[in-house]
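This report walks through a single structure for a reader who is meeting it here. Please look over the sequence and the model, and then read on.

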Amino acid sequence: MTKDGATFAEAAKLGRKLIWTHTYAERFRGDGRGDDVPQGKATTIKGVSSDPKHYPEEYAYDPAKREIAVGDGRFGPVAPEVWDFEVSGLEVVKSWLG
């Protein structure tokens, strides 16, 4: 916490935006945020096989290509900052995959 009012106000503003993003715009609307979370740029480059024999058991990130490989599928572009993002030690993207 801070005693500085301006710093606290900025932190609160960032917190509202974070909650807005994490609730897919269901909370803290207004302040120019609108009703829709902006679409990301990452897309499916090659879909993951739907054949149970080929279900992914491994995943990897290629920072040069900015791609995540999940089994035989690939997704990108994914910024290194997104791949490495963590909250209280939880590596978010890796937790979804592993």
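Is Lys46 buried, partly exposed or exposed? With a relative accessible area of 39%, Lys46 is partly exposed, where buried stands for under 20% relative accessible area, exposed for over 50%, and partly exposed for what falls in between (1.4 Å probe, protein chains only).

## Basis of the description

The model is predicted, and local features need pLDDT of at least 70, while side-chain atom pairs count only at pLDDT 80 or more and totals for chains, interfaces and linings use all residues. Residues are numbered from 1 along each chain as its sequence is written, and side-chain values use heavy atoms, with hydrogens and water left out.

## Strands and hairpins

Helices (H or I, at least four residues) and strands (E, at least two) are DSSP runs that are numbered from the N terminus, and two strands are said to pair if DSSP finds at least two bridges between them. Strand E3, which covers residues 67-70, runs antiparallel to E2 and is joined to it by 4 bridges. Within this pairing, Val70 in E3 is the bridge partner of Tyr59. The hairpin of E2 and E3 has 4 residues between the strands, and Arg66 there takes a positive phi near 60°.

Strand E4 (residues 73-76) is joined to E3 by 3 bridges, and these two strands also run antiparallel. Ile68 stands opposite Phe75 in E4. In the hairpin that E3 and E4 form, 2 residues lie between the strands, and Gly71 in the turn has a positive phi of about 60°.

The structure holds 2 aromatic pairs, a term used for rings of Phe, Tyr and Trp (its six-membered ring) whose centres lie within 6.5 Å, with planes under 30 degrees apart counted as stacked, over 60 as edge-to-face and the rest as tilted. Tyr59 and Trp83 make an edge-to-face pair, with 6.0 Å from centre to centre and 70° between the planes. Because Tyr59 belongs to strand E2 (residues 59-62) and Trp83 to helix H2 (residues 80-84), this pair ties together parts that are 24 residues apart in sequence. Tyr59 is partly exposed at a relative accessible area of 32%, whereas Trp83, at 8% relative accessibility, counts as buried. The rings of Tyr61 and Trp83 have centres 5.1 Å apart and planes at 15°, so this pair is stacked. Since Tyr61 lies in strand E2 and Trp83 in helix H2, the pair ties together parts that are 22 residues apart in sequence. Tyr61 is buried, with a relative accessible area of 16%, and Tyr59, Tyr61 and Trp83 form one aromatic cluster.

If residues up to four places away in sequence are not counted, Val78 touches Ala42, Tyr61, Arg66, Ile68 and Trp83, a contact being heavy atoms within 4.5 Å.

## Salt bridges

A search of the whole structure finds 4 salt bridges, each being a side-chain nitrogen of Lys or Arg within 4 Å of a carboxyl oxygen of Asp or Glu. In the salt bridge of Asp72 with Lys46, the closest N and O atoms are 4.0 Å apart. Asp72 lies in the loop between E3 and E4 and Lys46 in strand E1 (residues 43-46), so the pair ties together parts that are 26 residues apart in sequence. Asp72 is partly exposed, with a relative accessible area of 32%.

Arg74 and Glu67 meet through their side chains in a salt bridge of 2.9 Å, N to O. Not counting residues up to four places away in sequence, Glu67 touches Ile45, Ala60, Tyr61, Asp62, Arg74 and Phe75.

Asp84 forms a salt bridge with Lys94, with the closest N and O atoms 3.9 Å apart. This pair links distant parts of the chain, as Asp84 is in helix H2 and Lys94 in helix H3 (residues 92-97), 10 residues apart. Asp84 is partly exposed at 46% relative accessibility, whereas Lys94 counts as buried at 16%. Asp84, Glu91 and Lys94 are linked in a network of salt bridges.
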